[in-house]
Amino acid sequence: MKWGILGTSFISGVMADAINEDKHSELYAVAGRTEKTLNDFAQQYQPTTIYNDYDALISDDAIDIIYIALPNHVHHEYVIKAALQGKAILCEKSLSIDMKKTEQALAAVKEADVFFAEGLMYLHHPLMEKLHEEIATGEIGEIRFIQGSYVAAIDQFVNPDSKGALYNLGCYPMSLIHSVIKHQLGERAFDQVSFSAIGRRGQDGNICESSALMRFNDTITAQIHTAETYGLKHGFTILGSKGCITLDTNPWLATQENSFTVEVYETSTREVKVAAKGDGFYYQVRNIRNALATGKKQLASPMASHQDSKEIMKLLTDWELAAS
């Protein structure tokens, strides 16, 4: 499968490594607008073809799938362009920065009848499947409360037009909260969501830190926090009626060795270890290749479907509105 990458950012390099590690994939092309950065990227990752124009790469008939690794605020534009060319698409998270652009992108994908996935790479990792299996056993009972937090000092690296911490980091705990609640309550879990939030703005005017409290269908409460101006720290805990699950290793940067703890209140505690062959990008490349090979147009749980991406974006935009 021939991949084309739009952009030469850090995340483009991570995906290039994952593509090059898959014997059934080829890093066929990359496009960038800064000559030195493009040449440095090409020298390190060895694509077959180099473009200094994004549209030229999209128009290349040899490319099977395009990975959009550009800033959030232009994702929708290039999703639409790639869809019009009939290309399969992997778009880096977050899908967009507002619901209008999100709906435009998903409508273009549907109209063109092409494969599309949002790059929430950690959902591809075996850790996620194992987490859902544990929840499904009923050992911790019915889910009552979820607490998720992700902070990292990335503000100096991100494009100000990409709308700050909520869309660059908060999308990770929010998408995992979404995944857990969807498995607990089903597709109608997001029909009724209430929000309260506080936010702090950074020098670029975007929300650089925020905490929010959410309630889903008067059944599950969730607390979420993110910040992009300090630290590298993760936290994710699921409290049930009988016990809880705590993700010990970083679920959003899952590797070959991962673990979480299952506790039955005042009774027992056990560690669940999840071994893997690689990180989320490793599995993302292979899962998407397999999906395309079998004619699928989107991914299935625990990975993000088109509807999942839309719901996650709605949660993020509602969070931004509540925190503003």
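In what order do the eight strands of the open sheet stand? I started my notebook with that one.

**Before looking.** I am working with a predicted model, where local features need pLDDT of at least 70 and side-chain atom pairs count only at pLDDT 80 or more, while totals for chains, interfaces and linings use all residues. Residues are numbered from 1 along each chain as its sequence is written, and side-chain values use heavy atoms, with hydrogens and water left out.

**Entry: the sheet.** I read the order as β8-β9-β10-β7-β11-β12-β13-β14, with mixed pairing. For me, strands are DSSP runs of E with at least two residues, helices are runs of H or I with at least four, and both are numbered from the N terminus. Two strands pair if DSSP finds at least two bridges between them. The edges are β8 (193-201) and β14 (268-275); each has a single partner strand, so one side of each lacks a neighbour in the sheet. From one strand to the next, the twist averages 10°. Angles run from 0 to 180 degrees between N-to-C directions, using lines fitted to C-alpha atoms, for helices over the stretch in contact.

Entry: I then looked up β7 (residues 143-152) and β11 (residues 232-240), which pair in the antiparallel sense over nine bridges. Gly 148 stands opposite Phe 236 in β11.

**Entry: helices on the sheet.** Helix α7 (residues 165-185) packs here, touching strands that include β7, β8 and β11; contact means heavy atoms within 4.5 Å. The direction of α7 makes about 160° with that of β10. Helix α9 (residues 306-323) touches β8, β9 and β10, and its direction makes about 60° with that of β8.

**Entry: salt bridges.** How many salt bridges does a search of the whole structure find? I noted 19, each being a side-chain nitrogen of Lys or Arg within 4 Å of a carboxyl oxygen of Asp or Glu.

- Arg 289 and Asp 22 meet at 2.7 Å, N to O. Arg 289 is in helix α8 (residues 280-293) and Asp 22 in the loop between α1 (10-20) and β2 (26-31), so the pair ties together parts 267 residues apart in sequence. Both are buried (under 20% relative accessible area; exposed is over 50%, partly exposed in between, with a 1.4 Å probe and protein chains only).
- Glu 134 and Arg 270 meet at 2.8 Å, N to O. Glu 134 lies in helix α6 (residues 126-136) and Arg 270 in strand β14, so parts 136 residues apart in sequence are tied together. Glu 134 counts as buried at 9% relative accessibility, and Arg 270 as partly exposed at 32%.
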